Amino acid sequence: MKQIKISVIILSVILCSASLIAQHTAITGGNIVTGTGETIKNGTILIKGERIEKIGTDLAIPEGCETVDASGKTIWPGRIDALSIVGLSEIGAVAVTNDANEKTSTNTAHLRASDGINPESAVVGVTRNNGITTTQVMQGRAAPINGLTSIINLDGRRVDDMLIADGTSIVLNLNAMERGKYPSTRPGIMAFIRQTLIDTQNKISKKPESEAELNLKDQTLARALKGELSVITFCDRNQDIRNAITLGREFNLKMILIPGRGWSRQLEMIIESGYPVLVTGTFDNPSENQAYDYNYRMAARLHEAGIPLAFASCTAHNARQMPEAVSMSVTYGLPYDAGMQALTLSAARILGIDKDYGSLESGKIANISVWSGDPLQISSKLEALFIKGKNVSLQSRQELLRDKYKSLDD
Amino acid sequence: MNTRSTRIILPLLLLILGSPVFAGDLFIKGGTILTVTDGVIENGSILIRDGKISALGTAIEAPDGVEVINAEGKFIMPGIIDSHSHLALNGDVNEATAPVTSQVDMADAIDAHDHQIYQALAGGVTAAKLMHGSANVIGGLNTTVKLKYMTSLEEMRIPGVRQQLKMALGENPKRVYGSKGKQPSTRPGIFATLRQSFLDARAYRKKWDDYEKKISEGEEADPPKRDLKLENIAKTLTGEYGIDCHNYVHNEIVVFLDIIEEFEVPYAVISHSFGAYKVRDRVAEAGVGVQTHTDWWGYKAEAYDAIPYAIKMMMDDGILVDICSDSENVIRRLNREAAKMLKYNDLSEEDALKLITINPAKILEIDDRTGSLETEKDADIAIFDKHPLDSFSKCEMTLIEGKVYFDITTADKMALN
């Protein structure tokens, strides 16, 4: 047995070093928007294995290196959808194909998104075809307290190949009321969450040394109470935003806000809280008493107030449309660079993966998108995509269907 | 006057005072005119008289005393047309109480004061078909209107336009009635309902034909009993009404086309139709227009095979196709949906714009009066600050028949607070 293990290790080392040599790739000639505020014209990115080795102009290209000519193209970091259910939902209306939203309890903190992610979901390929390389998958938002999120790259045969970080956040939903069942009101939701957190607090304080006795729900919530997890909180009306911030302060939580349609009514409180924001609902119809462009201006207004931003699709099939919300936000006042950052480095920071992701810098993971033009122009085409240094296929299920029906003669 | 009505009326007065009243003459000066049917005119102008485009081009001058809208540096396009919308119906979308409710007319639900009309105008939309939903195999009559916000149904309605009777196949009627243990719970159930309805309508028509024949020959006869439900279906057989059929998968599209040919339906169009690209030879042969979406998919089983290449594949085979919203939210940015076509396909900017202007106008049979910038057509116009396919463009002004219904400079005042 031991011998087998050793041979496996030796074999892996050999394979690994062989693949490292083979995996030297250069992307040449493009306009590289690094995401750190710098644009390198006619630059080269040298990839070694999973990471960017060098980036700049006049780089020596190693012999035998695979080269991708990106002359005249625009190169961006891979884009990040800060919250989605990609991999958990194959067909929206077909229950058996859905593994998001465990609706059987008001507290599902014991669940992990990664346990349900299907690497072969058609949604994975479709989403990355709009330059999205990375997303944080939530288990759902149906309950007041929902399970752990998983941050993944959109490439890999097994979920463990895709995982960047597992269990980094939990999701609260202050609008997850159910009629006729506790909690059915906003005060009910708040009371439920408070009581649940207090119960966990009590358990930790009574037996600080034996956390192993805590059940899975308590273990997760204990980590949230210790600030080891982020707490992403869905709000809808302005009361929810106030309630989220109140909870955050009361329990000293590492809160990330999803403000919803009440955003402008609690702007001062959001600014004061210093909590980062995941932007969703850019395209939601404003109500009758709001300006027609009220939600188009949300990201711009939040950014102006100095709030760190990322964008979130919160869906599976429409995750690829998420960058359209950024384009709209830029049209209505968000500075272009802030929009770009929200899709890349700012999102990586909020997710806590900026050490390796979010910008094109030497040493970082090579998640790179190559575009025919400005990536914030909806009409621009994705020409190539690298995930962890691999030039991934852009043939999703949809391109296969296109090719199958290209000719009807067969 | 209470505060609430002041809030509504004051901004409206401001809007009216600040813009030409009652289809007065207007001169849009010096922009890039995207005619959509006849190329691009740089630095062109448009003269509007009596609500219509009286002249356009580079050589025309503003007549003395005419009000001028300065559009230098702007992009002028035909008002966007949405061939599939449930806007302004106050939620009265589905009379989901029986699989056949053809007696229903959506015109009876339309609220000209719905604020979402204004939100659509702010996206450059000037006309839309307001539709019954897809719960029933045969729903109600759709009504095509101009988005004349805060007027009335009568003002909004386009005179002489053929209404289209909504029909629906597939998952929605299956779910709505199947869940109640009623027919239809399967696609064959849907088509049985549809065929029987056409047969009943044909028999109903025959009774009336026989009666009218007798009367015209001077014979005495009692008129048959009028039945609105059958009357409206019968009118699709004579062509007085058209049909708009909601469908998704390729096999149900083929069956539907077979049925309307069997009953010699003079005018039909199909909606969503995500599987149409697989049978586009059959769709082209039937000559029906297709109202669909750029990149929606996967929200239900019948939408799983939708692809963002389908529209171009159908265009290449000569099918009349458009991009529609089916959404109070997407209707506000149909120009961006058209831009998305360029991401997934190689086609010209003019062809992309056609998908939201002249093509829906043709499908709704209003292309003789709107859908492109041509002389004698209604002055239904959207003015953008950049090219409308540019993702950073903003609609700044929307006119219907020469009257300004959206002006970005007064837009803030349209909110109630």
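Author: Of the 417 residues in chain B, 53% are buried (20 or more other C-beta atoms within 10 Å of the residue's own, with C-beta atoms placed from the backbone). Keep in mind that this is a predicted model, where local features need pLDDT of at least 70, side-chain atom pairs count only at pLDDT 80 or more, and totals for chains, interfaces and linings use all residues. Residues are numbered from 1 along each chain as its sequence is written, and chains are lettered from A and ligands numbered from 1 in the order in which they are written.

Reader: What radius of gyration does chain B have?

Author: Chain B has 22 Å, which agrees with the value near 22 Å for a compact globule of 417 residues (taken over C-alpha atoms; the rule is 2.2 Å times the number of residues to the power 0.38).

Reader: And how many helices and strands in chain B?

Author: Chain B has 12 helices and 16 strands (DSSP runs numbered from the N terminus: H or I, at least four residues, for helices; E, at least two, for strands).

Reader: Switching topic: how many residues of chain B are in contact with chain A?

Author: 35 residues of chain B are in contact with 29 of chain A, counting C-beta atoms, placed from the backbone, within 7 Å.

Reader: Which element gives the largest share on the chain B side?

Author: That is α10(B), with five residues.

Definitions and conventions: Contact = placed C-beta atoms within 7 Å. Buried ≥ 20, exposed ≤ 12 C-beta atoms within 10 Å, placed from the backbone.
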